[in-house]
Amino acid sequence: MKKTTLLIMAAGIGSRFGGGIKQLEPVGLHDEIIMDYSIHDAIEAGFNKIIFVIRKDIETDFRERIGNRIEAVCGKKGVEVAYAFQDLNDIPGEVPSGRTKPWGTGQAVLAAKDMIHEPFMVINADDYYGKEAYRQMHDWLVVEHAENAIAMAGFILKNTLSDNGGVTRGVCKVEDGHTHVVDVVETGNIVKTVDEAGAVGASADGVKLDPESYVSMNMWGFPAEDGCAPAFLTVLEEEFRTFFEKDVPANPLKAEYLLPTLIGGLLREGKYTVKVLETKDKWFGVTYKEDKEAVMESFKKLISDGLYQEELYSDL
């Protein structure tokens with residue numbers, strides 16, 4: 001079987017969550033965390049390598065909470081597990097005085113670049129994407145594509161909002177019968193609205209957004225030939241240097257190197273194509289502490305509906 005990697009970005013500080021490490025919060029019947037379900041669905045879909053991108057300071061907690069357990073599960077299934085570490089100081093320049101904020105999802109992927117020699121998919125650690133997205137992404141990755149092709153799991157904006165505060169999404173403009181993305185705009189503080197008729201809408205800083213828009217949930221797929229590093233990683237590294245030359249001097253304490261922003265720029269320049277892999281599954285995640293109870297109820301329902309076993313990995 002062609003090797004395919006799942007890269008899980010789990011280095012986020014989770015400041016909006018109220019001080020805890022939100023990626024490690026239990027949400028399942030047996031204290032499973034959201035990553036457990038992501039890993040289960042990826043293995044079920046055919047992914048056979050997992051890379052965790054974490055911070056060195058949470059390594060002990062991370063291994064105790066999930067890493068050691070996942071290594072045991074994956075060892076029985078012939079799935080490789082590796083760790084990469086995102087570091088504030090691992091940059092093509094100097095850390096600005098007073099900077100403590102991580103450099104974003106683009107740097108998270110770069111932390112693992114020397115480990116990736118096959119097609120790979122990127123996900124957030126604290127998002128539940130559903131089984132369909134993993135199947136579609138795996139099936140796309142095992143087929144040959146141009147080196148400047150990218151796939152994106154397409155979620156509908158209204159299905160990705162929190163009841164407890166604003167979220168950030170890569171809002172997409174699509175063409176070709178909604179099959180290809182032509183622009184991605186990283187949009188912050190998107191809040192859920194409900195009109196008098198009960199229809200769900202969305203707005204960002206007072207500007208209304210189309211609730212039926214496709215959005216990126218940072219589930220991206222990048223092709224490569226077996227044994228070869230994906231071409232996208234070279235572009236990612238080159239653009240990181242440009243980011244430090246142009247963006248960081250203008251906003252030294254808060255500038256972030258984000259995948260949706262980079263990919264949006266590559267699209268506008270005509271350098272890359274992005275295929276939409278539409279998924280009907282409903283996203284959910286723990287952005288705020290208040291989200292946790294609803295997420296736990298959602299997993300209970302998925303188990304009662306038969307999508308997962310109570311003993312999560314028992315059906316693999």
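Hi everyone. Let me start with a term: two strands pair if DSSP finds at least two bridges between them. Keep that in mind as we look at this structure, which is a predicted model.

Strand β2, residues 49–54, and strand β3, residues 80–85, pair in the parallel sense, with six bridges between them. Within that pairing, isoleucine 50 sits opposite valine 81 of β3. To get from β2 to β3, the chain passes through helix α2, residues 59–77, and this β-α-β crossover is right-handed.

Now, on to the charged side chains. How many salt bridges are there? The count comes to 19.

One of them joins glutamate 80 to lysine 3, with the closest N and O atoms 3.0 Å apart. Glutamate 80 is in strand β3 and lysine 3 is in the segment before β1, so this pair ties together parts 77 residues apart in sequence. Glutamate 80 is partly exposed, at 36% relative accessible area, and lysine 3 is partly exposed too, at 31%.

Next, lysine 131 meets glutamate 44 in a salt bridge, 2.8 Å from N to O. Here helix α4, which holds lysine 131, is linked with helix α1, which holds glutamate 44, and the two residues are 87 apart. Is lysine 131 buried or exposed? Buried: its relative accessibility is 11%, and the cut-off for buried is under 20%.

Lysine 271 is partly exposed, with 44% relative accessible area.

And finally, a network: salt bridges link Lys56, Glu59, Arg63 and Glu71.

Terms used:
Residues are numbered from 1 along each chain as its sequence is written. This is a predicted model: local features need pLDDT of at least 70, side-chain atom pairs count only at pLDDT 80 or more; totals for chains, interfaces and linings use all residues. Side-chain values use heavy atoms; hydrogens and water are left out. Helices (H or I, at least four residues) and strands (E, at least two) are DSSP runs, numbered from the N terminus. A crossover is right-handed if, with the strands pointing away from the viewer, the path from the first strand over the helix to the second runs clockwise. A salt bridge is a side-chain nitrogen of Lys or Arg within 4 Å of a carboxyl oxygen of Asp or Glu. Buried means under 20% relative accessible area, exposed over 50%, partly exposed in between (1.4 Å probe, protein chains only).
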